[in-house]
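Biologist: Let's go through the labels on this model. I want to know what stands behind each one.

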Amino acid sequence: MPRGIAVDWVAGNLYWTDSGRDVIEVAQISGQHRKTLISGMIDEPYAIVVDPQRGTMYWTDWGNHPKIETAAMDGTLRQTLVHENIQWPTGLAVDYFNERLYWADVKLSMIGSVRLDGSDPVVAVSNIKNNLLHPFSIDIFEDYIYGVTYTNNFVFRVNKFGKGQAENLTTGINHATDIVLYHRYKQPEMTNPCDRKKCEWLCLLSPSGPVCTCPNDHIPDNGTCTEVPPATQSPFTPTCNVQCQNGGSCFLNAWSQPKCRCPTSYSGERCEINQCRDYCQNGGTCSPSRTGAPTCRCQTGFTGPKCNLHVCNNYCQNGGNCTVNQGNQPTCRCPKGFLGDQCQYSHCEDFCKNGGTCMEMMNGTKHCQCSESYFGPQCELSKCEYCGMGKCEVLGSGITCKCHTGWAGFRCELNVAPVQKSDSGNTPSVVIPVMLLLLLALLVVGAILWYKKRCVGNAKGFQHQRMTNGAMNVEIGNPAYKIYEGEPDDDAGELLDSEFSLDPDKPTNFTNPVYATLYMGAHNSRNSLASTDEKKELLSAGDDDMGDPLA
């Protein structure tokens, strides 16, 4: 049953864990040349990651003795990296640039961190500090850890230094169990050392350099790999004459050599070694795993691969009293003035807001344990602010938004109010166009009135007044005659001088050239425009008995 998978992007190999067979195997990305790297003393392998730059791999084991192990990518140099303060390690990620390993413990609701050599273990993210419940699978990039929770299948993001609250990126995903980040800068770039090795079959990386190895069904043979010959090709028929003990059975191996196949918990050439003898300490019960490795079931109060560790050993701080519950988990009863799951905090005042409990560590760092309705470094943020227009209801460590009519969504942020069909609902859409039309009509009317007023102002009463020689006190309204009398700005004509007379041969009596042309044309041309009829039109007779002075 494959559980975890990891890709060696440098050498082009694929690594995976198999919890059904309790092994860790590798093959080329194409699936060819499969090889078993780790078997035995492994109970329930789950997550696995590789570090091609350093030639190492890491995997979690969440069996009866949970731990995190490491080995070279060729299966050598195996060792345990983490085995304390760990219960169900199901997620694993490598921070390649900062050289740290992060793991998610779904049972303890925390994300731990350790250097790649196993030193400096810390709790990077916890439910108390970051409001993260049951992280299952994780990956890391830059300053953030991304992951999936075991319950509700939330995809979350949280600062890897433990700053701030965990942020839910998605909701409603069903049965999400793993997460992988893809980014061009997530993995270090490096040349493939296997290009220089020229391995014929499998090339695996290690801290000392690339290693050529053979797949499961091949054996090394003078620098290459040859296929294991079938037993029927043997020139003779060997006999199995080994006396196996403790229920072991004899068989012939690939080289036709007699060997003992031992039952679980027994080993040795003839199954003479009981692996469970004196293996478990402090009253622990030994039983073999599926691969025959001894496994201890510890008494209450003890833990470790061999039940050699006390659960309460150095667990409670500041004089706290440690007790063990039925699940073999330590619980601290803190003295007055101290609090926290390990009594690691002292009580402080005037730091946390909104009823939060202030906890101060030995180095002076202060943390707040907020009430159910608030969060933030100082409990200064209300969870109900996320509900927007809805009604907030606090349920356990989370909130539920009860949306009002017309609103929906996880935070009541979606307006789903139906379109109003009444007249009042359409008032803005009707009033605005009507107002625009009225404004346009007023502009048009105003323009027309202004234009008419201007035309009236410019069209003064144009009058033709016949004059006779020697006329006195004749009022002239035609501006063409104002060249002789009156000011330019006067609207009405002035009284002519008593000496004024019309010279029939002098066209300059008219300042308007049209009148001069018409007047002279009547004397010079019969076909002139200044015909008698046109003159009558220009200078119509004032009295019927008055003659035409221009005729």
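Biologist: Why are strand 6 and strand 7 called paired?
Modeller: Two strands pair if DSSP finds at least two bridges between them. Strand 6 (residues 56–61) and strand 7 (residues 67–72) have 6 bridges, in the antiparallel sense, so they count as paired. This is a predicted model: local features need pLDDT of at least 70, side-chain atom pairs pLDDT 80 or more, while totals for chains, interfaces and linings use all residues. Residues are numbered from 1 along each chain, and side-chain values use heavy atoms, without hydrogens and water.

Biologist: What makes strand 5 and strand 8 edge strands?
Modeller: The open sheet has 4 strands in the order 5-6-7-8. Strand 5 (45–51) and strand 8 (79–82) each pair on one side only. Strands here are DSSP runs of E, at least two residues long, numbered from the N terminus.

Biologist: Why is the link of C276 and C286 called a disulfide?
Modeller: The cut-off is a pair of cysteine sulfur atoms within 2.5 Å. Here S to S is 1.9 Å, so the pair qualifies.

Biologist: What makes this disulfide left-handed?
Modeller: The torsion about the S-S bond of C276 and C286 is about -65 degrees, so the disulfide is left-handed.

Biologist: Why is C276 called buried, and C286 partly exposed?
Modeller: Buried means under 20% relative accessible area, exposed over 50%, partly exposed in between (1.4 Å probe, protein chains only). C276 has 16%, so it counts as buried. C286 has 21%, so it is partly exposed.

Biologist: How do you classify C370 and C379?
Modeller: C370 is partly exposed at 25%. C379, at 0%, is buried.
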